[in-house]
Amino acid sequence: MTRTRDVIVVGARVAGASTAMLLARRGLDVLLVDRAAFPSDTISSHQVQLPGVALLNRWGLLDAIREAGTPPTRRVRFDADGTVLTGAFPEHDGVDALYSPRRTLLDRLLLDAARAAGAEVRERTRADELLWDEGRVAGVRLRGRDGLHVDERARFVVGADGKHSSVAAAVHAPVYRECPTRAFACYGYWSGLEMTHGELYQRPGCSVAVFPTNDDLTMVYMSAPLRGFDAFRTDIERNYLATTARCGDLGDRLASASRVERLRTTPDQPNRFRKPYGPGWALVGDAGVVMDSVSAQGISNALRDAANLSEALVGELDGRTSLPAYQTQRDRSLTAMYDFTVAMAAHSQGWPERLFLRTVARHPDEVPRLLAAFAGVTRPDEFFGPRTLLQMLLRPRRRDTGRCAGGDTDGLAAAEGAEATPSAGVSAPCPWRCGGGPRAGAPGGAACGPTASGRRSPSVRGR
């Protein structure tokens, strides 16, 4: 008699391994497959934001991350073209730091946890096609390392196979919100780079992030508008170093450090929502929602998705209709951050954004709230909005702010002399861009919206 599993998960990186682990912990019969062998690397933004760290802690996996030598980042220095803010992340669900593990570590750890929970794991195994039964997905035709095919049947097949998901393509999962790619990314690993906290820089036309990772290395990431990619790729290393040299003393510190691996560069950064379920199938992680890496939300989104989808599948297998609520919950959690990310990836700042950050500089007690919004602890539109700006403007000015780029202890001397008129500049959070994306006619760009039939098409200013 043919065995029918509860769930087959296609894709064994963060989203897939976490989903398989959680389902197996509930006693389900789970098969997890991936064409790669582990440990293996993949393009990544690295940061596990506070909500993701809290989930790893809840699942009993955070200690293993720490024991592998992954440094915590509790404080961040945010330099937005002269307005400098320094602060600590707020405590969230028992954690107060983000981590930036190498994917060779994180993915293998989650895969091992899925295996320990009872999931069957097959590496170097491709999902060549889906099996169907009267309009419902009923399994997967797999091809192992020996080249032979085997059919595996299941009550549900989960596509956790990334932004170019073959499962999503096979089921024709509808895309109902999409924005064209706005930026490319490039990063490398450095040894001997002096740093005391995480660093974020925003400059006209680029963003740079500096965070510690495993093996006493530091990951230095940059993002810039896609329109400049062809010029950038003519000399990747020179242009990468020229970009980082615009960020305070970072260029000098990199000159005294050593790059230990090749630079990773990608223009493949789509922004889209797909419908995440149908008869016998579901999508998790980037297969369902993907966004530009500039906000470093991908890993945390994958972990959150895995937690929510595993609960929904348990409900479906018990005879309850749970997957529509999974989609609703996912979209409610991610829409504001998606809009925020797409706006950041445009790398264009007007006077409202600059005014907002200069106002935060007057009130250093607001910096943890800013970092919480960047980390996805709170919705970006709940902080980066006119109400927060007005509340800060009406409060007495604080004189003990952080330092500005020129060394002013006031933190505003360099900023207050700037002309408050719209202009191109650093990609900073904009109070007019969250909760529905940039408004048509608003500073910084046009809107990217739903792409379903009869709705407006995406557009990108200046492209």
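**Aromatic pairs, cysteines and a surface patch**

A search of the whole structure, a predicted model, turns up 13 aromatic pairs. Rings of Phe, Tyr and Trp (its six-membered ring) pair if their centres lie within 6.5 Å, with planes under 30 degrees apart counted as stacked, over 60 as edge-to-face and the rest as tilted. One of these pairs is Phe 356 with Phe 383: the ring centres sit 5.5 Å apart and the planes meet at 85 degrees, so the pair is edge-to-face. Phe 356 belongs to helix 11 (residues 351-362) and Phe 383 to helix 13 (residues 380-383), so this pair ties together parts 27 residues apart in sequence. Helices (H or I, at least four residues) and strands (E, at least two) are DSSP runs, numbered from the N terminus. Phe 356 and Phe 383 are both buried, where buried means under 20% relative accessible area, exposed over 50% and partly exposed in between (1.4 Å probe, protein chains only).

Phe 374 and Phe 384 make another edge-to-face pair, at 5.7 Å centre to centre with 70 degrees between the planes. Here helix 12 (residues 367-375) supplies Phe 374, while Phe 384 comes from the loop between helix 13 and helix 14, so the parts tied together are 10 residues apart in sequence. Phe 374 and Phe 384 are buried too. Ring pairs link Phe 78, Phe 340, Phe 356, Phe 374, Phe 383 and Phe 384 into a cluster.

As for the cysteines, the count of disulfides (pairs of cysteine sulfur atoms within 2.5 Å) comes to 0. For Cys 206, the nearest cysteine sulfur is that of Cys 247, 5.4 Å away. Cys 206 counts as buried at 2% relative accessibility, and Cys 186 is buried as well, at 0%.

Leu 393 lies in helix 14 (residues 386-394) and is partly exposed, with a relative accessible area of 46%.

Across the protein chain there are 15 helices and 21 strands, and buried residues make up 57% of the 463 residues. Of the contacts (heavy atoms within 4.5 Å) between residues at least 6 apart in sequence, 73% join residues at least 24 apart.

Residues are numbered from 1 along each chain as its sequence is written. In this predicted model, local features need pLDDT of at least 70 and side-chain atom pairs count only at pLDDT 80 or more, while totals for chains, interfaces and linings use all residues; side-chain values use heavy atoms, leaving out hydrogens and water.
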